[in-house]
Amino acid sequence: MSYFEANYDSVRYPYETEYKKGLRKSQIGAIHAIASHFTTSETPAIITMPTGSGKTAILILSAFILRANRVLVLTPSRLVRKQIKDDFSLLKTLLDINALVDIHEKPKVYELCNKITSQEQWEKLREYDVVVATPMSISPVIEGIPNPPYDLFDLILFDEAHHSPADTWNKLTQIFSKALKILFTATPYRRDKKEIKGKFIYNYSISDAFNDGVFGKIEYIPVTSESENADISIAKKAEEIFSQDKINGFKHYIMVRTDTNKRADELVEIYRKNTNLKLELINSKHSYKHIKEVINMLYKGEVDGVICVNMLGEGFNFPNLKIAAIHSPHKSLEVTLQFIGRFARTNASDIGVAKFIALPSEIEIECEKLFEEGAVWQDIITNLSENKVNEEIELRETIDTFKCILNKDDETKDLSLLSLTPFTHVRIYSIDDFKINSEIDFGKNIVVVNKHVSEEHSTVVLLTKEIKNPKWTNLNMFQKIQYDLFVIYYDRANKLLFINATIKTEEIYKTIAEAYTKSIPKRLPISKINKVLANLKNTEFFNIGMRNGVQSSNTESYRIISGSNAQKAIRKTDGRIYHRGHCFGKGIGENGEITVGYSSGSKVWSNSYLSIPMFLKWCKYIASKINSKVVVKTNSALDFLPISEEVTSFPKGTVISADWNKETYIKPPIIKCKNDIENLPHIQLLDTELEIISSTNELLVIALKHKYFKFKIKFSLNDTKYFACSDENINNFYIVKMFDEITLLQYLNENPLTLYFNDFSSLVGNEYYRKNYVEPILINQDILETINWLDKGVDITKEFGKVATGKQSIQEYLNLYLIEKDLNFIYYDHGTGEIADFITAKIYETHITIQLYHCKGAGGKSPGDRVGDVYEVCGQVVKSTLWTELKRLKSKLRDRMKSHDDSNDNPGNYKRDSYEKFLEIINLGETMAIYFEIVLVQPGISKLGMSEKISSVIASADDFCINQGYEHIKVLCSP
């Protein structure tokens, strides 16, 4: 029978009161938590107690209540090692308070001072009940130390257990895997975020310790140094406080703290020359013997204090150490708390408030300025400590809800979710349900090797493995393995799906979103995404994207501003041209400063890497903002840029044109046909033509035309899908994606067309982009050129084709009209897929002007005030923007010319100059500017009879062109 089992009945639990000694409240709670935990679990237990709250008594008692056979106590410090050895050997602490009774002999305790170098030395330790050691003398990670027998210890007590993730400590945990383990620490977290493995079973907070008188009062005393050296000012203030405390009857001692041996040597001289304090220096250069001698001098009162560099640290027990002269402050919370705890002990007589003397500074610890004049350390330290500990406990509780569903990779078999810190970046979808047990097929090259699921938090964590070859070879010798992380979280309250992925492709996001819901996942409009900026104060933006109203080659389709206070570069007039695209910046939120960014792709991010639990907390915070009814105001120039509005019905106005989604321009897709109708070649989607057939308040009909096909597509906001088509043949046309192929209709629903209204506002899916005019736009009469069409014998109702004898069509007349002008290039291009009806070029002294003529027949036999005439021809303005990029224009024109030549398609023998002539003119663009001018030909418009409604539509079209960098439009109309 072991010593501790034999003496198990000697344990008592006397409760400390004002009148008798006993176990403190914290000690009673901790020892019962230990006893309870190990009745049902062998998971390592974590005990959180502030420095000075009686941790050593718990270490000793735990050996008795767990009836340990042999105990290993690990501590990081040689000084503390000696203290623990003495406490375990004598049992004085527990005997004095009657927590142990009827003890006739003491345990055999061995302080391991030198490295273990042989198996014989390991076996020799079986003679003892307790071994107290530092990892540096016992861990096999250290060269020359052999592995110990796995059954040597059945209980391991970790003192200052925040060191346990270190290799030297962790190796011992692995070797003694069957031993029960208790981890004691005041700061259960680390700067490097490494996991302290175990379960929190007891947390005794600093505020509890303050209330119970275990953690003493602390005070920060700022020192100013205007007329002398800062170190001298701190030294003199330390002496002044030391002397006053002595007068007040306190037995206080000083620690002078700095960060380097060189600085310590300098401080020895400063204190010697400027004070009468008797101080001894200890640092890493000194022997263990010298350090113990200095400590003995402290205990005996032979010195006033010590000057040290990172000495007398964790676990050092000397309650009379009450004055800290801080010449070099710590910059991390955990070290600062350990340092303060050393001075806040109360287990001694004749001691008062702990005082910390330092210069005021801007140093921040967890966003708190500790060394600021007026800082109340009693409150700040309590809040900092408890927030950090509670955060750590919350992390563990969240992680404990995850179950490992799949693990089929040796590299990830011991994976801890706490070791994962995804970058805070998500794509968000709106969905009605969440199928948490879904399986995802990422394709043949990507395999899911690890899967964790939390039903409680509606979260799935996936690790995938992909074997990749470089693009430049197929040799297996160059293959590499790539792991990717996916975190999928569903916020049930707000019905939002958050996807975090290290592979950020549209196909990946879509595959995941569709796998986890029965409904159709919808990306959020920017009007909702923008709410992540709600309630932020002092906003400052570093990167802002401004989305132009249309794709254009003459101006930026997307303008990006970067730099400090980027919002200051936005002008009020930018709101007429641009809408908000993306932004990234910082501001003051409910819990301090945060960074946040979003983009129109339903993406939100913050510039941080978070643990899985903290990431989920961030997602919940974002979800609550997105579905709030708050009106967002940043009180910056960013507010000049309008954002889209989410609509459920058609906005007022008439749709006059349709254009491709911006994603279609960025990655132009290829249309393929499943049944090879007429040996249909692969067609670029951008080469198909969009034509508005009809527009009502409920339904829009658009023709999708190519020489090989024509489909009528219906657009509505009343359905879950925007686009539909009754012609089943459209399902034969598809677009190849990364993992699969999707039909043309599916593509349009994922990348909705941009629909332009008669005021050139636009609608993309259910996002409406209102025109942000500062004042009404008035027509410029100079853009109207009148022609007496009727006198010229033109049938103004006929754009082209056969007309009555003695009459001519609009295009017939325009052909002759252009030939008479002194133009350098003319090409007639009317037909399905046209660039324009006529394309012309004119060389001037300083520039070249390319004109695109669009003709439409009038809705009546005489000019009038018909809005339909205006809508149809103004819709061609949007169509023209596609061809104002020279490379695309040249390629398209070459194809059109070849098509016309092959089909002999010019029944009217209209003017058509050669492609070579066009290239000759365009090549002059290397030395001359090239301007684009769009000319609308509509004889049905009357200049004199023009109403305000028609005038505003033409003015909007002209404004649209000017904002895109074109010349003013020209309108050939009737008088």
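Phe356 touches Ile218, Glu219, Tyr220, Ile221, Ala324, Ile326, Phe339, Ile340, Phe343 and Trp377, leaving aside residues up to four places away in sequence; contact means heavy atoms within 4.5 Å. The model is predicted, so local features need pLDDT of at least 70 and side-chain atom pairs count only at pLDDT 80 or more, while totals for chains, interfaces and linings use all residues. Residues are numbered from 1 along each chain as its sequence is written, and side-chain values use heavy atoms, with hydrogens and water left out.

**Nonpolar cores**

- The largest nonpolar core has 109 residues, and Ile34, Phe88 and Phe356 touch the most other members.
- Helix α3 (residues 55–65) gives this core its largest share, eight residues.
- A second, separate core of 84 residues includes Tyr722, Ile779, Tyr915 and Ile950.
- A nonpolar core is a set of buried Ala, Val, Leu, Ile, Met, Phe, Trp, Tyr and Cys residues joined through side-chain atoms within 4.5 Å.
- Buried means under 20% relative accessible area, exposed over 50%, and partly exposed in between (1.4 Å probe, protein chains only).
- Helices (H or I, at least four residues) and strands (E, at least two) are DSSP runs, numbered from the N terminus.

**Helix α13**

- Helix α13 (residues 333–343) is largely enclosed by the rest of the structure, because 10 of its 11 residues are buried.
- The buried residues of α13 include Phe339, Ile340 and Phe343, which are also contacts of Phe356.

**Surface patch**

- Trp472, Leu475, Met477 and Phe478 form a nonpolar patch on the surface, with about 510 Å² of accessible area together.
- Patches are made of residues with over 30% relative accessible area and no salt bridge; like charges are joined within 9 Å, and nonpolar side chains (Val, Leu, Ile, Met, Phe, Trp, Tyr) within 5 Å.
- Accessible areas come from the Shrake-Rupley method with a 1.4 Å probe, and for residues only the protein chains shown count as cover.
- Leu475 is in the loop between β19 (459–468) and β20 (480–491), and counts as partly exposed at 47% relative accessibility.

**Salt bridges**

- The whole structure holds 34 salt bridges, each a side-chain nitrogen of Lys or Arg within 4 Å of a carboxyl oxygen of Asp or Glu.
- Arg523 and Glu506 meet through their side chains in a salt bridge (3.6 Å, N to O).
- Arg523 lies in strand β22 (residues 522–523) and Glu506 in helix α15 (residues 506–515), so this pair ties together parts that are 17 residues apart in sequence.
- Arg523 is partly exposed at 30% relative accessible area, and Glu506 is partly exposed at 29%.
- Glu785 and Lys970 form a salt bridge at 3.9 Å, N to O.
- Glu785 lies in strand β41 (residues 784–786) and Lys970 in strand β46 (residues 970–974), so the pair ties together parts that are 185 residues apart in sequence.
- Glu785 is partly exposed at 24% relative accessibility, as is Lys970 at 26%.
- In the salt bridge of Lys917 with Asp913, the closest N and O atoms are 3.9 Å apart.
- Lys917 is partly exposed at 34%, whereas Asp913 is buried at 12%.
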